[in-house]
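This briefing covers pockets and helix packing, for a reader new to the structure.

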Amino acid sequence: MDEKYLTQEGLDKLKKELEYLKKQGRIDVAEQLKEAISFGDLSENAAYDEAKENQANMEGKILELERLISSAKVIQETGNKGWVQIGSYVTIKEGATEERYHVVGEDEANPMENRISFKSPLGQALINKPQGAEVEIKTPKGSLKYKILKIE
């Protein structure tokens, strides 16, 4: 099984979601099934079919979370602040624009929150680069050059 890199915050969030689904989520689906069964004939009962589908989706999500949590490798904060690593906060500059990103595992990536995967094109370009380095990534709109201003 592949290791999945997660921050401690990300692992805690997944554990909390798993706990919720195992407890409250299952109760909610059971209630939904109970209500749908009360409508009668199950062979033509759309509410029952929907409740069964919801149950299957939730159980699949529970299995997915359990696998992810069991294979998770928590990103350790290192004293090596001079090089970009998984878990680093990196301030980069492209033209006149400065952005700060958190380099995380692919399961925690969320570009809207400036959390980029170390496997993304930008993440791959930044990993193992020192402060002050310039990196270039190719995009459909052409090449972009970034300078690493700060690594935390």
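In the residue classes used here, Ala, Val, Leu, Ile, Met, Phe, Trp, Tyr, Cys and Pro count as nonpolar, Asp, Glu, Lys and Arg as charged, and the others, Gly among them, as polar. The model is predicted: local features need pLDDT of at least 70, side-chain atom pairs count only at pLDDT 80 or more, and totals for chains, interfaces and linings use all residues. Residues are numbered from 1 along each chain as its sequence is written, and side-chain values use heavy atoms, with hydrogens and water left out.

**Largest pocket**
- By class, its lining has five nonpolar, two polar and nine charged residues.
- The lining is made up of 16 residues, and Gly10, Lys13, Leu14, Asp107 and Glu108 lie nearest the centre of the pocket.
- A pocket is an open set of points on a 1 Å grid over the protein atoms alone, where a 1.4 Å probe fits, with protein on both sides within 12 Å along at least five of seven lines; lining residues have an atom within 4 Å of a point.
- Helices H1 (8-37) and H2 (46-70) each supply at least two lining residues, and H1 gives the most, with five.
- Helices here are DSSP runs (H or I, at least four residues), numbered from the N terminus.

**Packing of H1 and H2**
- The two helices pack at an angle of about 160 degrees, and their axes are 9 Å apart.
- H1 and H2 are therefore roughly antiparallel to each other, a term for angles over 145 degrees.
- Axes are lines fitted to C-alpha atoms over the stretch in contact, and angles run from 0 to 180 degrees between N-to-C directions.
- The contact of H1 with H2 comprises 16 nonpolar, four polar and nine charged residues.

Note on methods. Angles under 35 degrees count as roughly parallel, over 145 as roughly antiparallel, 65 to 115 as roughly perpendicular and the rest as oblique.
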